[in-house]
Amino acid sequence: MRALLLRMRHGAGTVDYPSGPAIMPERFRGAPAVDRSRCADGCSDCASACPTGAITLTHNGAVIDLGKCLFCTDCVEACTSGAISHSPDHQMAVRRREDLIVQEQTKLADALETKARRLFGRSLSLRQVSAGGCNGCEAEINSLNSILFDLSRFGVHLAASPRHADGLIITGPVTQNMVGALEKAYDAIPTPKIVIAVGACAISGGIFAGHPEQSDGAQSVVPVDLYIPGCPPHPVTILDGLLRLLGRIDNEKGSGER
């Protein structure tokens, strides 16, 4: 009874997003931003500090590959001119791998094609495959099923079997002993199907990139339709990417549900 009373006093706990703004925690690290006016010529401190080689230097300053970024702040601490910082922006999901290499502004994910959106737009079942992940991204995906985010209100569910799914949501760098399992899971899903790579490991191999015992991400094994960067990405970042893919959010910054 006491638990029930406390729950009633608490009231509704589900986030308003995308109908309302996403209220992110104070310590949230969003998309990294580069102030090119502060980027010193010839300086490579940020690139040298990055543990995954996510930063390259051009004549316009530093360019960050969000698909490799661990959001660790090593580059922020190494940059003596304060040119790099983490913004509060949670919107980072894209359809193409190259769109994660950010020079000015991220090109956010477009919706699925009309036919696919008609099939999946109101009801989407995904089979989650942990392909050697550390359980960080997996935990964030699981939290989407909690009362706080309530993924099912959008018609999106996690399926127990790939045969009952419309697509895969993949985490981890795809270790060699998971390659066959991932291929079998992909083949078991009826067509048409979609694949979503969540987290730096699933996109590029993350901190394990280049190691012979992993595949540098999901796209080396199966075709990927949506990339959601982060280490791990916040549940709202994952939710934003899923809703953009389904055409439930306009493809522009700060937009709400259609």
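Lys 193 lies over the face of Tyr 186, at 4.1 Å from the ring centre; a charge counts as over a ring if NZ of Lys or CZ of Arg is within 6 Å of the ring centre and within 35 degrees of the ring normal. The model is predicted, with local features requiring pLDDT of at least 70 and side-chain atom pairs pLDDT 80 or more, while totals for chains, interfaces and linings use all residues. Residues are numbered from 1 along each chain as its sequence is written, and side-chain values use heavy atoms, without hydrogens and water.

Strand β6 spans residues 124-130; strands (E, at least two residues) and helices (H or I, at least four) are DSSP runs numbered from the N terminus. Because five of its seven residues are buried, β6 is largely enclosed by the rest of the structure (buried: under 20% relative accessible area, 1.4 Å probe, protein chains only). Strands pair if DSSP finds at least two bridges between them. Five bridges join β6 in parallel to β8 (residues 167-171), where Gly 167 is the bridge partner of Leu 126. Three bridges link β6, also in the parallel sense, to β7 (residues 156-158), and Leu 124 stands opposite Val 156 in β7.

One cavity of 30 Å³ or more is found in the whole structure; a cavity is a set of points on a 1 Å grid over the protein atoms alone where a 1.4 Å probe fits but cannot get out. The largest cavity holds about 70 Å³ of space, the volume being that filled by probe spheres set on the points. Its lining residues, with an atom within 4 Å of a point, include Cys 50, Cys 69, Cys 72 and Cys 75.

Conventions: Buried < 20%, exposed > 50% of the residue type's maximum accessible area, 1.4 Å probe, protein only. 1 Å grid on protein atoms, 1.4 Å probe; cavity = no way out; pocket = protein on both sides within 12 Å on 5 of 7 lines; lining within 4 Å.
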